[in-house]
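Here is a short report on one protein chain. Keep the sequence and the 3D view open as you read.

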Amino acid sequence: MSRSNEGVVQGSKTDDPPSGADAGRGGAGTSGEAGSDFLQLDIGRVPAGGRTEWLAGRLRAAIADGTLPAGSRLPASRVLAAELQVSRGLVTEAYQRLAETGQVSGRGRAGTVVVAVPSRAEPPAEPPAGVPRATGAGAGPVDALRALPCRIDLSPGVPDLAAFPRTAWLRAERQVLADLTPADFGYGNPQGAPALREAVAGWLARNRGIRADPGEVVIVAGVAQALALLSQVLRETGVTRLAVEDPGSLGARQQLEYGQLEPVPVPVDGAGLDVAALRASGARAVLLTPAHQFPTGVVLDGDRRRDLLGWAAEGGLVIEDDYDAEHRYDRAPVPALRALLPEAVCYAGSVSKLLAPALRLGWLLVPARHHDAVLAAKRYADLGNPVLAQLVLARLMDSGELERHLRFLRRRHRRRRDAMLRALRDRLPGARVHGAAAGLHLTVTFEGDAFEDTALASAALDLGVKCHPLSWHRFRPGPPGLILGYASGPVAEIEEGIAVLAAALRRIRP
């Protein structure tokens, strides 16, 4: 990079005083005040031999506490050098140190820009605030991590947002608006727009083998609201404990805890949920992801499905989160549990992973005995979802546009999954990969290693890459691991992200 622009450049690696033109403005050895309004930097009392590291440290701290958020621009190196009365090489060296750890990037004439979360000079003794151990039912580490900026996001559960079918959505929206009467802009049915409930019933029949009357469908704001409504209804019927998969979704667990239900962990192995352990738990209801278990990716096998349905027929209640069921690549579809025992299965699905989480659109089917209570809970929660978005989604479902979009996504996701598998093989050959046949993420474990996976996720975050430590989603201890989403970014980004993870692992491995 030339010295004519203000990006990160390779400057002097010494703390020598300035010379030439810089010296004419007052060098390190002058008696003038050496300070800058930028971050209130006062370099005057810093020993000459430590000024580069001092400046880099101050910049790291400002990025860490949010004073310099992602996207903010650092002063031009010549300007800051003049204000601090030091050589320009000192400033460019400090900027270069941050660039090497992925925190800033030289953008040519656009300057040097903050692009990632902080890198610490020393490895932290405890996991950083962004990657803590997961406890309690508060906002949670997933929400905290989601809010942090990064260069590459390998978080699970993040779909390909760039693939949102804007043209098809706008076309459907224009068609819907053209057909609406003024009365249609009033309050809608809390159960959901009849057009969408009918479209969802058809979608489930075609794609999940579920036969349901539109009157059974309740439109909800995603699976999260479905769990909130079910928590309320179950609690009112005397259910206080609910079995969950271990490992299983931290977000779902926290949703249940917020709903004042006690999650009871039940082990998951290569065949799915251990139904014998479920029976032994004494829980009267269970939440599980049978089509594509989160996070291991296993499918509940035939024997376990029969055992589970037998348990449900004896009085148990199954809450089926049909997570990622439509995103499959190397295996045949498995029928939804709801299709086999509707009187004992609550079924929840959404378009969050198919279109976008921002739509907050999903559906819930419950046994007849719970339908009125769930509908009442929905009515008093929000009077129903926004009607316009429901009608647009119904149009996409009825027209076949949503199926076409799904076929497009499967091809795209398969390429990205294959790229991640290759990168893991090349960069992390000792990692064991789980759940490659379907879904939007892979889980990797490091068998026999003794490090904390939160420390690995922290080190990756320091280098600008987000992912989930497996321990967040566990009750019981186990080998360290990571959950890595591959849907949201292009192949080159995935490959770079895995390379960064390999570097992070070298950093923290004992």
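The report goes from the whole chain to its parts.

## The model and the whole chain

This is a predicted model: local features need pLDDT of at least 70, side-chain atom pairs count only at pLDDT 80 or more, and totals for chains, interfaces and linings use all residues. Residues are numbered from 1 along each chain as its sequence is written, and side-chain values use heavy atoms, with hydrogens and water left out.

The chain holds 17 helices and 18 strands. Both are DSSP runs numbered from the N terminus: helices are H or I with at least four residues, strands are E with at least two. Of the 510 residues, 55% are buried. Buried means under 20% relative accessible area, exposed means over 50%, and partly exposed lies in between (1.4 Å probe, protein chains only). The accessible surface comes to about 21600 Å², and carbon and sulfur atoms account for 52% of that surface. Such areas come from the Shrake-Rupley method with a 1.4 Å probe; for residues, only the protein chains shown count as cover.

Now take contacts, meaning heavy atoms within 4.5 Å. Among those between residues at least 6 apart in sequence, 75% join residues at least 24 apart.

## An open sheet

8 strands form an open sheet with mixed pairing, in the order β6-β13-β12-β11-β10-β7-β8-β9. β6 (218-220) and β9 (272-273) are at the edges with a single partner strand each, so one side of each has no neighbour in the sheet. Two strands pair if DSSP finds at least two bridges between them.

Look at β11 (residues 317-321) and β12 (residues 345-350). They pair in the parallel sense over 4 bridges. Aspartate 321 has alanine 348 in β12 as its bridge partner.

## Strand β18

How many residues of β18 (residues 481-485) are buried? The count is 5 of 5. Side chains in a regular strand alternate between the two faces of the sheet. Here Gly481, Ile483 and Gly485 point one way, while Leu482 and Leu484 point the other way.

β18 pairs with β15 (residues 441-445) in the antiparallel sense, over 5 bridges. β18 also pairs with β17 (residues 468-469), again antiparallel, over 2 bridges. Leucine 482 stands opposite valine 444 and also opposite proline 469.

## Helix α9

Helix α9 (residues 250-258) has these buried residues: Leu250, Ala252, Arg253, Gln254 and Leu256. They pack against α5 (140-147), α8 (222-236), β7 (241-246), β8 (262-269) and β10 (285-288).

Serine 249 caps the N-terminal end of α9, with a side-chain oxygen 3.3 Å from the backbone nitrogen of glycine 251. This is a polar contact: a pair of N or O atoms within 3.5 Å; within protein, one must be able to donate a hydrogen and the other to accept it, and residues adjacent in sequence count only if both atoms are side-chain atoms. After α9 comes glutamine 260, with a positive phi near 65 degrees.

## Cores and cysteines

A nonpolar core is a set of buried Ala, Val, Leu, Ile, Met, Phe, Trp, Tyr and Cys residues joined through side-chain atoms within 4.5 Å. The largest has 36 residues; Val200, Trp203, Leu204, Leu355, Trp363, Leu393 and Met397 touch the most other members. α14 (387-399) is one of the elements that give two or more residues to this core. α14 gives the most, with 6 residues. Apart from this core lies another, of 31 residues, including Tyr329 and Leu482.

The whole structure has 0 disulfides, where a disulfide is a pair of cysteine sulfur atoms within 2.5 Å. Cysteine 346 counts as buried because its relative accessibility is 0%. Cysteine 150 counts as partly exposed, at 22%.
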